[in-house]
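Here are a few exercises to work through with the structure open beside you. Try each task before reading its solution.

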Amino acid sequence: MKEDAFQALTVETLAPRLSALPAVAERVGAAPEHWKVREVGDGNLNLVFIVKGEAGSVVVKQALPYVRLVGDSWPLPLKRSFFEYHALTRQEKRAPGSVPAVFYFDEAQALIVMEYLSPHIILRRALIKGEQLPKIAEDLGLFMARTLFRGSDFHMETRERKADLALFADNTELCDITENLVFTDPYFDAPMNRHTPELEPVVAELRADRDLKVEAQRMKHLFAAKAETLVHGDLHTGSVMVTAKDTRVIDPEFAFYGPIAFDVGMLLANYWMAFFSQKGHEAGGSRAGMRTYLLQVIEETWAVFRAEFSRLWRTERAGMLYPSCLYEDQGDALGAEQALGHVLHEIWTDMLGFAGVEMHRRILGLAHNADFEDIEDTGMRATCEAAALKLGRHIAVNRRHIASLTEINHLAQLLDEGRASALMGRQS
Ligand code: SR1
Ligand code: MG
């Protein structure tokens, strides 16, 4: 494809426009007249095509110059595709096999050709259906530990890391989306917000909650100022594709240098929301097993993340921070362990804050989750959402005083059973 002005692809134009690309033709087949093209994008921002031919299939993802969810009244730069491409290549290097293979990138057309994952489905969809994926806790715990540790000053050569930091610093518009939609809009009556009508009393209480609003802004402060590592930036269950045997992380267009805890908190928040939504998906039978499974996934994900992060700390700590010349080389391995304890503790407390605000923004803001949205009975939906809002408020405000996930999961169960309804506003 030539470097000409951007043109959005369509189902009709894709084959004629991409048939000359060896990266596509080699994998799909040389006869474009036999290609079958489907647009399957169900995210908020982009076009996604599956191109199937005699030889195989690929995915073609193209950014649009506006937010797809809202329309062309909200322009959004095409360069997010550039950041997605560069994040994918770094994630593949740092956590091999965890993202789709990239075959081709065209910056002017904001287009990435990548591996077609089959029979994978979006993790969020699997959890809504009640499927228990046996590998997600281990795979995503490892993915986060490896990408987040290896993109930081704990590991990278500082010159290379600063160059990368500068590269991703230009992803300003996508950061701006998160800064507003996640950390600010949910806490006042912002124009694009919406919520389930039956939630009104809970929403009013949250928006009047000074401790919560202060904590949400402290999380935003961290998000904006703690340029610690290359984060995925949008690691929810809609950004993961799964089978029982394989887990791949997709869609890192929000990647930038931010806090390690951000990805971890966002992912766990989406598991808690999946947990609270199960009650609304019980038409086909009880979801008790699914609830137990989701709480286990949360605990195991964090345990795997901690263990792998600690292993990398002990074996790959080659960056400028906490250098071994101060500890191991002087026979003070315990000093390095003490420092690791502090680093992990900070990730833990920050992770809880990010998880809390993520739960709020998916229920009160612009971009909602299918976990709750697919519950047609709005009374039931509001019951599920209210429990998630309360847990989110509790872990955000009290994050420095919470010792374990067991404690949080116990509270989640009480809230789900309607036995901790007076929680909000009573602790801070
Ligand atoms: C306007 S974009 C809304 C949301 O969709 C993306 O997936 C991000 O989560 C963003 O916050
Ligand atoms: Mg996305």
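**Exercise 1.** Find the element that holds Glu358 and decide whether Glu358 is buried or exposed in this predicted model.

*Solution.* Start with the secondary structure: Glu358 sits in helix H12. Next, take its relative accessible area, which is 1%. The cut-off for buried is under 20%, so Glu358 counts as buried.

**Exercise 2.** Which side chains make polar contacts with the side chain of Glu358?

*Solution.* One partner is Asn270, at 3.1 Å. Another is Arg362, with a contact of 3.0 Å. Now widen the search to contacts of Glu358, leaving out residues up to four places away in sequence: this gives His236, Met266, Ala269, Asn270 and Met273.

**Exercise 3.** Which polar side-chain atoms lie 2.7 Å or 2.8 Å from an oxygen atom of ligand 1, and how much of the ligand does the protein cover?

*Solution.* Asn44 places a polar side-chain atom 2.7 Å from a ligand oxygen. For Asp234, a side-chain N or O atom is 2.7 Å from an oxygen of ligand 1. Arg361 has a polar side-chain atom at 2.8 Å from a ligand oxygen. As for cover, ligand 1 has 320 Å² of accessible area on its own, and the protein covers 95% of that.

Note on methods. Residues are numbered from 1 along each chain as its sequence is written. Chains are lettered from A and ligands numbered from 1 in the order in which they are written. This is a predicted model: local features need pLDDT of at least 70, side-chain atom pairs count only at pLDDT 80 or more; totals for chains, interfaces and linings use all residues. Side-chain values use heavy atoms; hydrogens and water are left out. A polar contact is a pair of N or O atoms within 3.5 Å; within protein, one must be able to donate a hydrogen and the other to accept it, and residues adjacent in sequence count only if both atoms are side-chain atoms. Accessible areas come from the Shrake-Rupley method with a 1.4 Å probe; for residues, only the protein chains shown count as cover. Helices (H or I, at least four residues) and strands (E, at least two) are DSSP runs, numbered from the N terminus. Buried means under 20% relative accessible area, exposed over 50%, partly exposed in between (1.4 Å probe, protein chains only). Contact means heavy atoms within 4.5 Å.
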